[in-house]
Amino acid sequence: VSGKILVSVARDYSKTPGPRYETQGPFSGERFRAMILGKLRTADKVVIDLDGTRGYGSSFIDEVFGGLIRHSREIGLSGSEMVGRIEILSEEDPSYLTEANQAMEDALRSL
Amino acid sequence: MKLVYCRETPGGRSARLKRFRRRVSRSRAVLAYVANMEGERHKRSDALSLLPSSARRRIPLIVPEVLSLEHNYDETVRLVNDLRKLVLERRLPVFIRFKGVKQLELAATLYLTAELYRCRHLTTGGFMGQWRLVNGDYPVDGPIHAQLIELGFYEVLGIPSADPGDYPQADGGPKMVSFRTNTTSDPEAAGKFLSELSRLGAPLSAQNQRDLQGCLVEAMANAIDHAYKFDRELKNAIPKRWWLTGLADPKTREVGIVVFDQGHGIPRTLDRTLFEWLQIVVAGLTENSPDSKLIEAATQLRRTSTGLQGRGKGFSTMMKFVDRCEDGELLVYSACGSHLYSRRNGTLGVHGADRTLSLGGTLIQWRVRPSLSGMDIAP
């Protein structure tokens with residue numbers, strides 16, 4: 001496990017991110033979160049770039065970032081260790097950054 | 001152009017006999033129903049005398065002159081409720097009279113179309129299922145007919161319509177995006193819808209479009225996961241189905257988007273755990289609170305984390321859009337209540353209302369008038 005990986009949602013996943021769960025529709029937060037967990041198995045840090053998409057629903061962001069904390073045990077990390085291994089970029093709309101950080105804080109509190 | 005949407009098909013002698021008996025039985029039911037329309041004698045005889053002979057075996061349902069949830073809620077909802085009860089519950093044939101319609105509101109037209117779609121798809125009868133319980137006539141008013149054609153009303157319902165060229169749209173009037181419907185939360189469909197709205201002249205900034213994309217995905221997902229959650233109790237439902245349409249008015253620079261589902265409504269789908277959490281946040285909230293209060297309470301979920309995974313995030317996106325507009329509103333009709341969350345000239349406003357008739361689902365409407373510079377204001 002080493003290095004830093006940049007994952008762009010628009011480039012590596014979809015320009016039209018979808019709902020929270022896979023059962024609700026395509027390009028779900030659930031599937032993207034699983035993809036990030038996979039990357040974290042091989043990298044020290046994952047930088048997630050939220051720019052370049054057509055927009056996000058709060059449920060997608062909550063499922064990805066809150067979900068990473070809730071599922072951190074799957075890759076042998078604690079919630080706070082997970083926070084240290086995720087970096088978020090959102091220059092187009094900083095409110096996504098706020099939502100993502102809030103989702104992680106909420107998930108940490110409810111662990 | 002024929003006046004009726006569909007015609008009965010011929011069959012063998014026994015099929016004809018069966019049809020005749022069914023027709024007699026239905027005619028009796030229709031007559032009994034019409035006879036029971038208390039206090040509406042004149043309206044009833046007028047309605048029947050105006051119908052073409054092929055429609056007299058059907059119960060007439062008259063679309064009000066103003067089909068609108070905002071300006072004529074009771075008549076609009078009563079029409080849809082009657083349609084649902086007669087066709088889906090009692091399996092009686094109806095004839096929808098569009099002739100006198102003078103004004104169609106976008107949200108109410110979507111609402112009626114969704115019900116007609118459900119009735120026509122869940123009820124078929126007669127030879128090879130081609131005999132349908134819902135039939136009707138066309139509007140006389142040219143602009144109304146043009147509006148229905150533009151919205152894809154006839155196309156969605158599988159009804160032959162006139163050549164759109166015969167009904168040109170008025171110059172400078174609102175441009176509408178045709179009805180969309182599906183049973184998955186489809187972000188690409190939401191993106192295409194917003195692109196079409198922009199192509200029609202909606203002055204949406206990139207920020208508006210990103211916010212609205214999130215709103216649509218959330219509204220679709222809510223319809224799929226929450227609206228029909230007690231679907232065993234929902235008779236004659238088409239689970240997970242949502243409806244979407246929109247308009248752009250170049251004159252007023254107003255943009256409107258409407259999403260509708262035919263589920264239980266927000267007040268009934270607030271689950272127990274969520275409700276107990278809401279009672280802590282919203283003063284005086286009980287299970288017997290009016291629907292408008294329950295809808296408003298549901299919107300409060302965005303303000304604080306519930307600690308409940310997967311709940312309460314949808315309204316966050318929907319209201320964020322309004323918060324970032326100079327002049328915009330989110331209007332939610334659900335069950336018997338409605339809740340308006342608006343921002344006018346930078347001032348936030350909240351208003352709730354309750355009625356006696358239930359909408360039979362949830363309708364979410366965004367309206368926005370971007371500022372003259374075309375840029376929205378982010379607080």
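Let me start with chain A, where, among the contacts between residues at least 6 apart in sequence, 70% join residues at least 24 apart. Please keep in mind throughout that this is a predicted model.

Chain A contains five helices and three strands, and when it is read along the sequence these follow the pattern β-α-α-β-α-α-β-α. Its radius of gyration is 13 Å, close to the 13 Å that the globule rule gives for 111 residues, so chain A is as compact as a globular protein of that length. The C-alpha trace of chain A spans about 35 × 30 × 25 Å along its principal axes, and 56% of the 111 residues count as buried. As for the surface, chain A exposes about 4,700 Å², of which carbon and sulfur atoms supply 50%. There are 14 positive and 17 negative side chains in chain A, and the centres of these two sets lie 5 Å apart.

Now to chain B, and to strand 7, which covers residues 242–249. Why can we call this strand largely enclosed by the rest of the structure? Because eight of its eight residues are buried, with Trp242(B), Leu244(B), Gly246(B) and Ala248(B) on one side, and Trp243(B), Thr245(B), Leu247(B) and Asp249(B) on the other.

Strand 7 of chain B pairs in the antiparallel sense with strand 6, residues 175–182, over six bridges, and there Arg180(B) stands opposite Leu244(B). With strand 8, residues 254–261, the pairing is again antiparallel, over eight bridges, and Gly256(B) is the bridge partner of Leu247(B). Strands 7 and 8 of chain B form a hairpin with four residues between them, and Arg253(B) in the turn has a positive phi of about 60°.

How values were computed:
Residues are numbered from 1 along each chain as its sequence is written. Chains are lettered from A and ligands numbered from 1 in the order in which they are written. This is a predicted model: local features need pLDDT of at least 70, side-chain atom pairs count only at pLDDT 80 or more; totals for chains, interfaces and linings use all residues. Side-chain values use heavy atoms; hydrogens and water are left out. Buried means under 20% relative accessible area, exposed over 50%, partly exposed in between (1.4 Å probe, protein chains only). Helices (H or I, at least four residues) and strands (E, at least two) are DSSP runs, numbered from the N terminus. Two strands pair if DSSP finds at least two bridges between them. The radius of gyration is taken over C-alpha atoms; the globule rule is 2.2 Å times the number of residues to the power 0.38. Contact means heavy atoms within 4.5 Å. Accessible areas come from the Shrake-Rupley method with a 1.4 Å probe; for residues, only the protein chains shown count as cover. Lys and Arg count as positive and Asp and Glu as negative; His and the chain ends are not counted. The place of a charge is taken as NZ of Lys, CZ of Arg, CG of Asp or CD of Glu.
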